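This report walks through some features of a protein model. Keep the sequence and the structure in view while reading.

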Amino acid sequence: MRKKFSRFLYRHRGVEGILFILPFLGLWAVFLAWPVVYGVYISLFDWNPIRGSEFVGLANYIELFHEARFWNAFANTFKFAGMVIPLVMGLGLLFALMVWGWGRVRRGTTFVQASLFFPYLLTVSIVAIVWRWLLDRDFGLIQHTLNSLFPSAPVFLTEPAWALPAVAVATAWWLAGYRMVVLQAGLEEIPRELFESAEIDGALPRHKFIHIVLPLLKPSLLFALVLTIISAFRTFGQVLMMTEGGPGRASEVLALYLYWVGFDYFQVGKAAAAGVVLLFLILIMTLLGVRLLGLKSELQ
Amino acid sequence: MRWIKRYLPYVIMYGVAFLWIIPILWMANTAFKPTPDIFSIPPKWIPSHLTLEHVRRLFSEWPFLRWLLNSLIVATSVTFGSLIVSTLAAFSFSRLHWRGRDALFMVLLVFMLLPWQVNVIPLFFTMTKFGFLNTYQGVALPMMAMPIGVFLLRQFFINIPRDLEDAARIDGCSSLGVLFRVIIPVSKPVFAAFGVYMFNFAWNEFFWSMICLRKAQMVTLPVGLKLLQGAFEIDYGLILAGAFAASLPSMLVFLFLKRQIIRGFTLAGSGTKG
C-alpha cells in the first residue's frame, strides 16, 4: 500500500509538489493574501455589518482625496520617509564601514558591534517609551542636555515642526544596527586583493570607496534599502506611542490615520481605501528604490 | 602623533558605541531610582538610593508575568509553526517540479513587501468571523505565513548539491525521505538563523497584536507596555520599569548568544538578498 502510494506520488510529482506547499499556502491564502483582496472589496462599500453594507463604488476614495487630514497624513508619511531613510541608511553604512575598517586591525569590536546592534532587538513600544522619556520637555535627559548647551534648542515632542524629526531619530537608533550588520556582511565578501592592488596603484581612500566598495556592496545596499523603505512607509508604533500623531496632527502618518479611521471612527470602508492607497504607495516606492540603484536583476 | 593615530579609531568606536547605549542605561537607571530623583532638574545619573518600588508595583498591580507568558507562547508557536510550514513549502519550491511553481513564487515575492498595515481591516474581520480575536491562534497564525521564511529557506535549499539528492533517490528515498535525510540535516545553520529571526519578529510584533488582542489578560509584552503607558502618562518610574523588565529577556539572551544572534540576522539578511 505504502509502496503503491509512493509510486503514485512519483508518477504525479506535480501533485506532490502541491501537497508540500499546502500547509503554508493555506495559512498564507487565508490570513495574508485573501485579506488584501477582501480589503479592495471593502473599500468599495459603505461598510456596516449591523445595518448592512452598501456598494458605493469609488466614493470612499473620493472622500479620502477630498479630506485635508488624509493629505496631511500623506505628506507627513513622505516627510518622515525623507528623513528616516537617509538617516538609517547613512548611519548603517557609517557603522558598517567603521566596524569593518577598524575592527579588522584591532580586536574587541564585538562590544561595539553588539551595542550598535542591540536596539534592533527591542520592541517598538520600548523604543517609544525610552525616547519619549529622553525627550520629555521638562525632565528628559536629551532635551535637558540640549537646552543647556543651546538655549534656543527646540522642544522636540511639543513643537509641530520637530515632532517628526524626533521620531525619525528614535527610529534610526532602533533600526540602524541591523543595516550595519547586513552591510558589514557585504563588506566582508569583498576580496582583500582588490584593495591591495588599488593601494599599489596609489588609490586614495575615497577612490577605493567609490570604485570598489560601493559597486560591490550594491546587493547588500539594495536589500537594506528595500527594508528601510518598507519600514519607513508603514511606521506606526513609534508615532502612536511617542506623539500620538501630535502636536495637533503634525506627526500623523498614514498608518496611524488608517488605524484611527478604522478602529476609532469605524469608517471601515474609508480605512480600507486608505489601506489600498498605502499598498500602492509601498509597492511604487520599493520598485522605485530598486530601480534607482539600477538593480532590477538582483531581486530574482 | 603616532600614538594618536593608533588609538583614535578606538576612541571614536567606543565613544559611538557608548553614546548608542545611553538610552538603555538611562532606562535601567530610571527604573530603579525613587520618583523624586526621576523628576529632578538637572537629570540625576546617580540616584540618592536605589528602589524596587516601581518594579514591585509593576508586578503587583499589572499582570506583567501573564504578558510575559503570552509573549512566550506566541513567539514560540510562531517560530515552530513557521519553521514547519516554510520548510515544506521551500522544499517544494526548490526541489520539486510542478506547473505554476515559479509564477506562484513571484506572487509570494510581491506579498513579501506588504506590511500588516495594508490588510489589517479585512484581516480583523476575517478573525472576527473565525472567532479568533483575543486568542493566541488569532495573533500567531498570520505571522506563521510570512513569505520571508519560504524565500530564505528556498535560497539555501537550492544551493544544496543535486548529487546528494540523486544518491538518496537511487537508494529509494521518497521526497519526504530526501527532505528529512538530505536537506534538513545540512540546513541546520539556516534553520537557526530563521528561528532567531522569527522569534524576534513575533516577540516584538506590535501592530497586529494590538489590534487582535484587546483584553488586558491576553496581550503580549509590547501591547502590555502600551497599556501601561496609556494608563499613567507621566508615571515614568512604573513605565520605564515595565520597559526595562520587558527588554531584560532580550538583553540576557543577547548577552550570552550575541555572536550567534548577529550571525543569524546576517544570514537572514544575506540569504534574502540572494
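## A cis peptide bond in chain B

Pro42(B) sits in the loop between helix H2 (35-38) and helix H3 (53-61) of chain B. The peptide bond that joins Ile41(B) to Pro42(B) is cis, with an omega of about -5°. The model is a predicted one, and the values below are computed from it.

## Where the two chains meet

How many residues of chain A are in contact with chain B? There are 97 of them, and they touch 98 residues of chain B. Between them, the two chains bury about 9,000 Å², and 78% of this area is on carbon and sulfur atoms. Phe20(A), Phe24(A) and Trp133(A) supply 9% of the area that chain A buries against chain B, more than any other three residues.

Helix H2 (residues 13-42) of chain A gives the largest share of the side that touches chain B, with 22 residues. By type, the residues on this side of chain A are 69 nonpolar, 17 polar and 11 charged.

## Aromatic rings along helix H2 of chain A

The whole structure has 57 aromatic pairs over all chains. One of them is formed by Trp34(A) and Tyr38(A), which counts as stacked because the ring centres are 5.2 Å apart and the planes are at 15°, under the limit of 30 degrees. These two residues are 4 residues apart in helix H2 of chain A, so about one helical turn separates them. Are they buried or exposed? Trp34(A) is partly exposed, at 43% relative accessibility, whereas Tyr38(A) is buried, at 8%.

Tyr38(A) also pairs with Tyr41(A). This pair is stacked too, with 6.4 Å from centre to centre and 20° between the planes. Tyr38(A) and Tyr41(A) are 3 residues apart in helix H2 of chain A, about one turn of the helix. Tyr41(A) has a relative accessibility of 44% and counts as partly exposed.

How many of the residues of H12(A) are buried? The count is 10 of 10. Among them are Leu254(A), Tyr257(A), Tyr259(A), Trp260(A) and Phe263(A). Within chain A, the buried residues of H12(A) pack against helix H3 (59-65), helix H4 (68-103), H11 and H13. They also pack against helix H6 (120-130) and helix H12 (207-212) of chain B.

The loop between helix H11 (237-242) and helix H12 (254-263) of chain A holds Ser251(A). Ser251(A) is buried, with a relative accessible area of 0%. Leaving out residues up to four places away in sequence, Ser251(A) touches Asn76(A), Ala163(A), Leu164(A), Val239(A), Thr243(A), Gly245(A) and Gly246(A). Glu244(A) lies in the loop between H11 and H12 as well. Glu244(A) is partly exposed at 37%, and its phi is near 55°, a positive value in a residue other than glycine.

Phe266(A) is in the loop between H12 and helix H13 (268-292) of chain A. Its phi is also near 55°. Phe266(A) counts as exposed because its relative accessibility of 60% is over 50%.

## Salt bridges

Over all chains, the structure holds 14 salt bridges. In one of them, the closest N and O atoms of Arg69(A) and Glu252(A) are 2.8 Å apart. Arg69(A) is in helix H4 and Glu252(A) is in the loop between H11 and H12 of chain A, so this pair links parts of the chain 183 residues apart. Both Arg69(A) and Glu252(A) are buried.

Glu199(A) and Lys208(A) form another salt bridge, at 2.7 Å from N to O. Glu199(A) is partly exposed at 45%, while Lys208(A) is buried at 16%. In chain B, the side chains of Arg162(B) and Asp166(B) meet in a salt bridge at 3.7 Å. These two residues are 4 residues apart in helix H9 (residues 162-170) of chain B, about one turn of the helix. Arg162(B) is partly exposed at 40%, and Asp166(B) is partly exposed at 33%. Salt bridges with shared partners join Arg95(B), Arg162(B), Glu165(B), Asp166(B) and Arg169(B) into one network.

Conventions. Residues numbered from 1 in each chain as written. Chains lettered and ligands numbered in written order. Predicted model: local features only at pLDDT ≥ 70, side-chain atom pairs only at ≥ 80, totals over all residues. Heavy atoms only, no water. Contact = heavy atoms within 4.5 Å. Buried area = accessible area lost by both parts, 1.4 Å probe. Nonpolar A, V, L, I, M, F, W, Y, C, P; charged D, E, K, R; others polar. Phe/Tyr/Trp six-rings, centres within 6.5 Å; stacked < 30°, edge-to-face > 60°. Buried < 20%, exposed > 50% of the residue type's maximum accessible area, 1.4 Å probe, protein only. Salt bridge = Lys/Arg side-chain N within 4 Å of Asp/Glu carboxyl O.
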